[in-house]
Amino acid sequence: MPKKAQVRNSSFRTETGKIGCILSVCGAIMGVVMKMLGDLHIHMILDGVFYRAAIDAQREAPCDHLIRSRLADYRARGVTFLRDGGDAWGVSLRAKALAGEYGIDYRSPAFPIHLCGHYGAFIGRGFSDLTEYRALLDEVSAGGGDFVKLMISGLIDFSRPHTLTEEGIPSELIRAAISLAHERGFAVMVHANGDRAVNAAVDAGVESVEHGAFLHEETLAHLAETKTLWVPTLSTIGNLIGCGRYPDAVLCPLLAEQQEKAAFVATHGGRIGLGSDAGAFRVLHGQAALDELAYLKQALGAAADAVLSEAEDYARARFRR
């Protein structure tokens, strides 16, 4: 059995036992020297403001000036490892090609893959059957992708408690897609929320689960037992608090809940990775890595550096051809 990390998670409840709203993560860790880590989940094509305009700006061709400015900012902040979730317009691949000039190890899946009619069309490439999926795997390989990114569930509906925009694709298809990617020698990252999608992916041997909202204890234990990398992207929740777009009454308990669950997985020997989903709304490139580190340090306490460093070492070693 792996040695369990010692994780502090008692700060997430009020005196009455109710989950409290975390108003200032940075304030909670003032005076703590933070080791800078890589960001295991970004989207270079997105800008953290408005996804449609950001995509339109690089739809015809990647913008080297914009990519270089972001890479320079990451380097200035001490970030030397980036794992992109990919896009259908070659921006992440162009960033990968330029990143070495900035001393950054950059990994890309080329583009995310989704089942037609399900979440992912705004940024990825779709398939209708496994024949089309195999053809997309060929494209990832030919294009220089380092791993496969699969979209297998919906998004969090931030306007209502414990709600997803859709349940996701069938479990048997999740298992088949992961198996076929593994046959090609790819590690697999999945966008996944909810117990069914996450368990199907973990059962198929997926290497990384992104987001992972609304998971019950049995699923969390499954993640820990299998040492599946979980990247909870807390910034996509915490950075929305106070912006007025979604109710804080939904966001605050959800952030606290996800922090407690990350602590549970870590204390049971699982892998928790620092990935901000930079480019998502209010999750700004460069700064988002610091935001995510702050949220995770609040969740994991003194164990954070060791837990996060081990997860990054795993990602560096596994998410490459």
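# Surface patch, pocket, cavity and salt bridges

V49, F50, Y51 and L284 make a nonpolar surface patch of about 380 Å². The model is predicted. Its largest pocket holds about 750 Å³ of space. The structure also holds 17 salt bridges, and one cavity of 30 Å³ or more is counted.

**The nonpolar patch**

- One of the patch residues is V49, which sits in the loop between strand 1 (39–42) and helix 2 (51–57).
- V49 has a relative accessible area of 58%, so this residue counts as exposed.
- The cut-off for exposed is over 50%.

**The largest pocket**

- The pocket lining is made up of 30 residues.
- Y119, L155, D277, A280 and F281 lie nearest the centre of the pocket.
- By class, 16 of the lining residues are nonpolar, ten are polar and four are charged.

**The largest cavity**

- The largest cavity has a volume of about 30 Å³.
- I156, H211, A213, P232, T233, T236, I237 and Q258 form its lining.
- This lining splits into four nonpolar and four polar residues, with no charged ones.

**Salt bridges**

- Side chains of opposite charge can pair when their charged atoms come close.
- R83 and E210 are joined by a salt bridge between their side chains, at 3.0 Å from N to O.
- This pair links distant parts of the chain: R83 is in strand 2 (residues 81–84), E210 is in strand 8 (residues 208–211), and the two are 127 residues apart.
- Are the two partners buried or exposed? R83 has a relative accessible area of 0% and is buried. E210, at 0% relative accessibility, also counts as buried.
- D73 and R77 meet through their side chains in a salt bridge of 2.9 Å, N to O.
- D73 is partly exposed, at 25% relative accessibility. R77 is partly exposed too, with a relative accessible area of 29%.
- K297 and D305 form a salt bridge in which the closest N and O atoms are 3.1 Å apart.
- K297 is buried, with a relative accessible area of 8%, whereas D305 is partly exposed at 26%.
- Elsewhere, D105, R107, E312 and R316 belong to one network, joined by salt bridges that share partners.

- Most residues other than glycine have a negative phi.
- A110 is not a glycine, yet its phi is positive, near 75°.
- A110 lies in the loop between strand 3 (105–107) and strand 4 (112–115).
- With a relative accessible area of 3%, A110 is buried, because the limit for buried is under 20%.
- H162 is not a glycine either, and its phi is positive at about 50°.
- The loop between strand 6 (148–151) and helix 6 (171–183) holds H162.
- H162 counts as exposed, at 52% relative accessibility.

**Residues far apart in sequence**

- Q287 and Y74 are 213 residues apart in sequence, but their C-alpha atoms are 8.6 Å apart in space.
- Q287 belongs to helix 11 (residues 287–300).
- Q287 is partly exposed, with a relative accessible area of 30%.
- F147 and G185 are 38 residues apart in sequence, with a C-alpha to C-alpha distance of 8.5 Å.
- F147 is in the loop between helix 5 (130–143) and strand 6.
- F147 counts as buried, at 0% relative accessibility.

**Points to check in the viewer**

- Where does V49 lie? Look in the loop between strand 1 and helix 2.
- Which residues lie nearest the centre of the largest pocket? They are Y119, L155, D277, A280 and F281.
- Which strands hold R83 and E210? R83 is in strand 2, and E210 is in strand 8.
- Which residue is 8.6 Å from Q287, C-alpha to C-alpha, and 213 residues away in sequence? That residue is Y74.

Technical notes
Residues are numbered from 1 along each chain as its sequence is written. This is a predicted model: local features need pLDDT of at least 70, side-chain atom pairs count only at pLDDT 80 or more; totals for chains, interfaces and linings use all residues. Side-chain values use heavy atoms; hydrogens and water are left out. On a 1 Å grid over the protein atoms alone, a cavity is a set of points where a 1.4 Å probe fits but cannot get out, and a pocket is an open set with protein on both sides within 12 Å along at least five of seven lines; lining residues have an atom within 4 Å of a point. Grid points are joined across faces, edges and corners, and a volume is the space filled by probe spheres set on the points. Ala, Val, Leu, Ile, Met, Phe, Trp, Tyr, Cys and Pro count as nonpolar, Asp, Glu, Lys and Arg as charged, and the others, Gly among them, as polar. Patches are made of residues with over 30% relative accessible area and no salt bridge: like charges are joined within 9 Å, nonpolar side chains (Val, Leu, Ile, Met, Phe, Trp, Tyr) within 5 Å. Accessible areas come from the Shrake-Rupley method with a 1.4 Å probe; for residues, only the protein chains shown count as cover. A salt bridge is a side-chain nitrogen of Lys or Arg within 4 Å of a carboxyl oxygen of Asp or Glu. Helices (H or I, at least four residues) and strands (E, at least two) are DSSP runs, numbered from the N terminus. Buried means under 20% relative accessible area, exposed over 50%, partly exposed in between (1.4 Å probe, protein chains only).
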